[in-house]
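Work through the following exercises with the structure in view, and try each task before reading its solution.

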Amino acid sequence: MVDMSQTVALLAPEIVLFVASMLVAVLGLSRSTGIRSLVPWVCVAALVGSILALEAVWTPERIQGARLLFPMLGKYGKALIALIGIGLVAVSAGSIDRRYEEAVARGRASFDALRVVRGEYYAFLLLSLTGAMLVMSAPDLIWLFLGLELVSLPTYIMVAVARTGRRSMEAAMKYFFLGALATAVTLYGFAMLYGATGTMQLIPMRDALAEQAAGAGLSTTALLGTILTVLGLCFKLAAVPMHFYAPDVYEGAPLPVTAFLSFTPKIAGFSALITVLGTVGWSGHAMVDHDGVRIAYEGLPQPITAVLWMVAALTMLLGNIGGILQTSLKRTLAYSSIANSGYMLVGVIVGPKGGIGAMYLFMLGYGVMTVATFGVLAALERKGEEVDSFESLAGLRASHPGLAFLLTLSALSLLGVPPLFGALAKIVLVFVAFEGGQASLAAVLLLNTAIGAVYYLRFVGAAVVNPTNAKSQEVVVVPHWWPKTAAVVAGLGLIVLPAFLSRLVDASATTVDGYVDLGEAVASDEQR
Amino acid sequence: MIAAPAMLSSVLALAEGPLDAHAAPELRWAGLALLLPLISGVLCLLCGWMKVRSKLPAALTIAALGGAFATILRLQGAVGETPVVINLFDWISWTWGDGSRFHGFTANVDLYIDRLTVFWMLFVTGLGTLIALYASEYMESDVGKGYTRFFGAVSIFLFAMGCLVMGGNLVMLYLGWEGVGLASYLLIGYYFTKPEAVAAAKKAFIVNRIGDLGLALALFLIWQCYGTVEYAALWKAIEAAPASSEWTAQAIPWLLMLGAFGKSAQLPLYVWLPDAMEGPTPVSALIHAATMVTAGVYLIARMFPLFIVNPDALAAVAWVGGLTALLAATIGMAQYDMKRIWAYSTISQLGYMFLGLGVGTTFGASYHVFTHAFFKALLFLTAGAVMHGFAGQLDIRKLSGLLKVPGFRLVSLLAVLGCFWLAAFPFTAAFFSKDEILVSAFTAKDERVHVLGWIGLVVAALTAYYTFRVGFRVFFGPVKYEPGDEHHGHDDHQDHGHDHGHAHGSHGASAAHGGHGHHGEFHPHGPRWAIRVPLVLIAVGAMLAGWPSYRTMLNHGEPNWVKTQVAQSSAYQGVAAESHGSHDDHAAAPTAAEGEHAHADHGHLVLGMDAHTAVGRLGSLACIAGILVSLYLHLINRGAADALRRTLMGSIATRWIVVGAERKWLVDEFYDWVIRLPLRLVANILSAIDELLLDAGIVNGIGALPAAFGRLFRPLYGGVVQGYAVTMAGGVALVAAWVIWIWLRGAN
């Protein structure tokens, strides 16, 4: 019998965030400017609190009671979400409601609780992060599904709420409609998995599938169910064939929301992906040849590997090629986000023997780079509007050398220039791909890194090389220290984190600690 | 290759004992030698940020470097005969597969401390501190932005040099190697508004890249052949399989050599060093004379176990060293810029060190590094003091009799002393270290290098000549000088006008400085204490550098201190058996093998004398002859030098000598034509291809693909959400159909 209180205690980080989200929703409506400006601080405090809570409650006994497929995933993953979440809050702070707040401060407008969105925005942000955390401790498909929805639903609104204007409305509409479609695909996959195994619980499902694998192989329903789930989740990752929305939505959304979209749904999607793939397993599968002889092989079942291989390769390729000719910074970064999902999928294909750890290491790097890049962009504005073209960045080195340096740093890190952290994370990923027998995919990854150079270097070129032009002359720094600080801290992280590479590799490898792969599940079954 | 089996056994015989490193966590404080310069570098950065306009950055740097020096001094007492490995923190430590050898890669932030490390760091940090003190005055006209930039880069240099020398594995060595390269680039290009300085910085960086490529490849191959890049484990691996005949193993010393030649300015990569003199003079003294350029010598000495098993590679090192020494000396004879002459002499002296390495005397090479560091730093710093005082004047034709100029007596005296040391005047420090190298060259077992001993003697004479050419011209003779054309010392100030006012006000020497601005009458101003004190201390150091040899001479048989240092390190791995160096001092544990060779070496007679006696006498003779010629041509009858030049120029047969030497044997031009021009051509062609074909065709074409694809489906969407939905659903359907078609069809 599961001790309910223990399971609830495991959710302490989520509970902290949830309570905080209710709190900021109210605080954001306060008449006092001081209290309203407290809102980002409350968010940061809540995120720090959730990390502390995580450290306190994540004990081995509790985890055993929770019966998770990846029992230690939450320990690293939730901390990562909260950590990058702090950066994303900092990127948002200062730009949400800024003009209205300024008008209020100057007495040009009187405060009207109906016209501010600050409270809702941060509440949704925290709720979405809560959802991402919940995904990581899902014991069954229902929980997993609800977690995923909790990630997405607030983001649909965040795209629309934070800015008035047709484009963000349109983006929100598209995002919502296509998201619903993808969710339907995922749900269909879940249903088929349930049909194939007769259970929603992940561990029994893994055991049922292990039995199938040891026998005649996975049933068609199970395979199709997994594949549909994977494809549905591709929406969260912004991976092929569900990537179409990304450029439009990223461009239409306000800049901080774009930053949020490029990280939170991604980490939630990847966690859900490995959770579902964990039931299918990266070992214990066999091929039956014409003579009826079983030939065992390592890795996911072949059809799933084939689909994922294709998805990964196409995601990398279409992402990087799509980025080449863009003029909008956010659109370029959308394609960059697509391409990076492709890189991380390589780790997923390799599986628990290093691959998933490498994927989460890369996720850390990607999160830090996202905060750094968007932090710089959020710190700039032109005529009260976001900066969203390479042209506007021209001559940044002369006007704001520090920001130009940080942007260069994060672009080079995204591109993968050693010794920056992004490069090392990518090297680790390539390395595990080679070791895990995915040399061809590693080659595709390296090739794509080279293609990506075309647009990542445009950031550097625009900011450092190009001379100031009429458009970029009007670019000024926003009068808020939050985004700048986020960029500085994240930029420093890119330089400093490589010094702790081994430790981070070890830490990210703990995500699969305690996971019992299909092959081992079969073996322990036979022993019994 | 003939003697390979004998050497093999000697390596095996000696491998036990001295190289068995043990962990020494109690010595973690040694990390301060790295940490302090790093901290001062970061603080200088902060100073730059906060726009500090005082000498604070200098004070920070001097304090940090002094602290590092003190740390090394303490380490000198704490480290015994066996090497220790000090783990500072874990950086990279991976294993894969079964985790056995070749299935793991470890590169932690470790320090590998043996006697050689401490020896090297002693003069690096010691000289670093003194030169930083010197620079605090020398650079004062730049107080503000430039000042912090300068000291920040010096701090970073010392940090990187520490990584290079003290690092416990080749990855740290490589990072330090690149770090000192970066610092060197930043400091050569310090006057970045001056096109020559920018060009020189780029040249240094690019030429070094060629060497660095060699080092990087060597590093990869070492890992591939021996399965580790950590010194402690590497020596064990080499011990187990000393001379693999695989081409990869054979290539390692050659690639390491390439790296060393780049950093230490040897043929064919020496061309960057003379141009590097565009940097501020303290930098020339510290980085481009005393410390960084010896990194190549350190590299080969440290990796000597890999060289000793490859006689061909050693012979190549010796030949490159000998020829570089000769070539640089001939160029040095015909230059007129004081700093450039010292630069060529640095290259020439580095050539001696490589000659020493190549003939197997790591002791001689290290000893020469040590003695050279002091006197060459002294020569550069005195040149800097002259430059500082005479508004950037360095032309030896326009300076004369400085010994009699008030305020410059001390500087001149020290410079003349430096000349004696550089010329290796009998019984000065360099005399002994050079002697060690030349004796080894004459007595080397490899007969291919014996002729280098004679070349070395010729170079000794040339060195004495060109050294005293400067000495006699500049410091003796009638007092005559023309100031340089730089109004404020030698600095380039476009935006620092107000800095000057500030600087003058603060140190109260505005009268002396102000003189520069007016061309009416020029008053050279002598240096103050912050320049004088380091000069005197370095001169004392240069004098004391000969101390180990004096002691050996006085108490016959007492081991040379430097030799004991080098002997207890990887640099002596297998050397004792190979060595035929000086026989007065058997520092290394005398083995049976060494005894035998010692007998054999006495068989090497040079001009009928024992090699040691012969080299001592011939070396003295060469030195004194060079000085006498110089004395006549450049002091007693200065007209004769010009007459000689005219005579040589007059005849077609001899004209090329003068023109060649003065124009540096046209090596730069040769490289321009043979390397730069073809590269430029290829680059232009590739650029044209890139623009015409790749950019226009492939990149834009591929980039336009999604758009074209989009147009194809425009009827479907074009930003309309239903279109996306159909595409997504279609994609899912396509994948599902594909999977069913390929796999699930026959699965039933």
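**Exercise 1.** Find which residues have the most contacts inside the largest nonpolar core of this predicted model, and explain why the core lies where it does relative to domain 1 and domain 3 of chain B.

*Solution.* Begin with the core itself, which has 446 residues; those with the most contacts inside it are A:Leu126, A:Val346 and A:Val348 from chain A, together with B:Leu256, B:Ile300, B:Ala377 and B:Leu378 from chain B. Next, turn to the domains of chain B: because domain 1 (20-309) and domain 3 (720-748) both give residues to this core, it lies between them. Finally, take A:Val348 and set aside its neighbours within four places in sequence; its contacts then include A:Phe270, A:Leu273, A:Ile274 and A:Met359.

**Exercise 2.** Describe the side of chain B that touches chain A, and state which element gives the most to it.

*Solution.* The contact takes 28 residues from chain B and 33 residues from chain A. On the chain B side, β2, α30 (667-712) and α31 (721-744) each supply at least two residues, and α31(B) gives the most, with 13 residues. Sorted by class, this side of chain B has 21 nonpolar, six polar and one charged residues.

**Exercise 3.** Work out the strand order of the open three-stranded sheet in chain B, and say which strands form its edges.

*Solution.* The order is β1-β2-β3, with mixed pairing, and the edge strands are β1 (22-23) and β3 (104-113), each of which pairs on one side only. To follow one pairing, note that β1(B) and β2 (residues 84-95) of chain B run in the parallel sense over two bridges, and that B:Ala23 has B:Val85 as its bridge partner in β2(B).

Conventions: Residues are numbered from 1 along each chain as its sequence is written. Chains are lettered from A and ligands numbered from 1 in the order in which they are written. This is a predicted model: local features need pLDDT of at least 70, side-chain atom pairs count only at pLDDT 80 or more; totals for chains, interfaces and linings use all residues. Two strands pair if DSSP finds at least two bridges between them. Helices (H or I, at least four residues) and strands (E, at least two) are DSSP runs, numbered from the N terminus. A nonpolar core is a set of buried Ala, Val, Leu, Ile, Met, Phe, Trp, Tyr and Cys residues joined through C-beta atoms within 7 Å. A residue is buried if 20 or more other C-beta atoms lie within 10 Å of its own, exposed if 12 or fewer, and partly exposed in between; C-beta atoms are placed from the backbone. Domain bounds come from an automatic or database domain assignment. Two residues are in contact if their C-beta atoms, placed from the backbone, lie within 7 Å. Ala, Val, Leu, Ile, Met, Phe, Trp, Tyr, Cys and Pro count as nonpolar, Asp, Glu, Lys and Arg as charged, and the others, Gly among them, as polar.
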